[in-house]
Amino acid sequence: MKRTDRVNFILNDFDKDSYSRDLIKWFKEEQRILPWRENQDPYRVWVSEIMLQQTKVDTVIPYFHHFLEKFPDLKTLAEANEQEVLKAWEGLGYYSRARNLQNAVREVVEEYNGVVPANPVDLGGLKGVGPYTKGAILSIAYDTPEPAVDGNVMRVLSRVLRIEEDISKQSTRKLFEELVREIISHEDPSSFNQGLMELGALICTPKTPSCMLCPVQSHCRAFDEGLETELPVKSSKKKQKKSPYLLLLIQNEKGDILIEQRPEDGLLASLWQYPMVPLQDIDRDSVPHWFYGEYGLNIELGESSGQIKHVFSHLIWEMEVVKAKVVSGNLDHGRAKWMNNSDIEDYPFPVSHQKAHSLY
DNA sequence: CATGCGTGGTC
DNA sequence: TGACCAAGCAT
């Protein structure tokens, strides 16, 4: 069946207007008070949507306040140093979000006269603005009836419309976008989209949904058939690979500590860290020799001062933290430098290395 | 379409 | 403790 036919089939016999009315009424009464809901400033909406990608509201709130204080508008963010932006993002994760956001903001300032585009093509062309974020900004900041399909929306609609497609597949998101195009309120698309997400966050939760409190229970096919905990269908992820490392806290004679900047692309791009010895490849006894080859310094290892684990989505670093002292040699490494302990505020670190620093 | 990309919370 | 989850995007 074609997708258009599928959409018509699914929505045949579904009371869109009544559903939309009940959802919006509930949202207006029960929505949480959140800092990015104070007004419709497209910049604030944009920043919040980027921060909220794969990240809980409670985690985002303090970052949002600090970020808006430091970068109150497009121009301020466009003119900031990238390291400053990353420092404000420190601990939030998915750091390419921050770099893409700043790049896109610079593009808006230069190419769009400092006005966030209100049309899908220009907006969706910005770095880091995908189908969801595009729809969220268009509907929330500009009251445009565009779908904003995230994990919440797919969960809620999987249940309400009893859809059994695997929501981890991209084609499934497109199905939901077409469904939302048919259902969305044209009077208040912002409340409709936010209501769908708010419902997913507060009522229609993944494990134990509060169906008895649900404002659209009477519209829900899954509830009707007792299938609410069977939906949505979501294929499972692979489990992470573990990699062992030695993490070195190395002091020189001045008491400065050795740090290095990660590559500009990939994992934790452009962040700073303490030197890490991959024990997968390097024999423990040959660490000083390996280290001399990489950094030009002869070091003497001290006692182990703890274990730190860094769990990523797709891998796990298991790091043994070891203090070390420089015996001789000169630092010869393109991305490494000595950091005075009081300068730590100048360098964005991943969380695992912030923890390591506390052992220093 | 699958994979890489963080982190903290929950059960 | 491990598995799963959370307002996704780029490649």
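Reader: What am I looking at, and which limits apply?

Author: This is a predicted model, in which local features need pLDDT of at least 70 and side-chain atom pairs count only at pLDDT 80 or more, while totals for chains, interfaces and linings use all residues. Residues are numbered from 1 along each chain as its sequence is written, chains are lettered from A and ligands numbered from 1 in the order in which they are written, and side-chain values use heavy atoms, with hydrogens and water left out.

Reader: What makes Cys204 buried rather than exposed?

Author: Its relative accessibility is 9%. Buried means under 20% relative accessible area, exposed over 50%, partly exposed in between (1.4 Å probe, protein chains only). Cys204 therefore counts as buried. Cys214 has a relative accessible area of 19%, so it is buried too.

Reader: How much of chain A is buried?

Author: Of its 360 residues, 49% count as buried. The accessible surface comes to about 18500 Å², and carbon and sulfur atoms hold 46% of it. These areas come from the Shrake-Rupley method with a 1.4 Å probe; for residues, only the protein chains shown count as cover.

Reader: Which secondary structure elements does chain A have?

Author: It has 15 helices and seven strands. Helices (H or I, at least four residues) and strands (E, at least two) are DSSP runs, numbered from the N terminus.

Reader: Why is H3 called mostly covered?

Author: Ten of its eleven residues are buried. Among them are Tyr43, Trp46, Val47 and Glu49. The buried residues pack against H4, helix H5 (74-79), helix H6 (82-89), helix H7 (96-111) and helix H9 (131-140).

Reader: Why does Glu49 have no salt bridge?

Author: A salt bridge is a side-chain nitrogen of Lys or Arg within 4 Å of a carboxyl oxygen of Asp or Glu. The nearest side chain of opposite charge to Glu49 is Arg37, 7.7 Å away. Lys and Arg count as positive and Asp and Glu as negative; His and the chain ends are not counted. Glu49 lies in helix H3 (residues 42-52). Not counting residues up to four places away in sequence, it touches Tyr132, Thr133, Ala136 and Ile140. Contact means heavy atoms within 4.5 Å.

Reader: Which network of salt bridges includes Arg37?

Author: Arg37 is linked with Arg32 and Glu198 in a network of salt bridges. The structure holds 17 salt bridges.

Reader: How do you know that Lys70 and Glu84 form a salt bridge?

Author: Their closest N and O atoms are 3.1 Å apart. The pair links distant parts of the chain, with Lys70 in helix H4 and Glu84 in helix H6, 14 residues apart. Lys70 has 33% relative accessibility, so it counts as partly exposed. At 31%, Glu84 is partly exposed as well.

Reader: What makes Arg162 and Glu225 a salt bridge?

Author: The N to O distance is 2.6 Å. This pair also links distant parts of the chain: Arg162 sits in the loop between H10 and H11, Glu225 in helix H13, 63 residues apart. Arg162, at 31% relative accessibility, therefore counts as partly exposed. Glu225, at 43%, does too.

Reader: What joins Glu177 to Arg173?

Author: A salt bridge, with the closest N and O atoms 2.9 Å apart. Both residues lie in helix H11, four residues apart, about one turn of the helix.

Reader: Which peptide bond is cis, and what is its omega?

Author: The one joining Leu231 and Pro232, with omega about 0°. Pro232 lies in the loop between helix H13 (221-225) and strand E1 (241-251).
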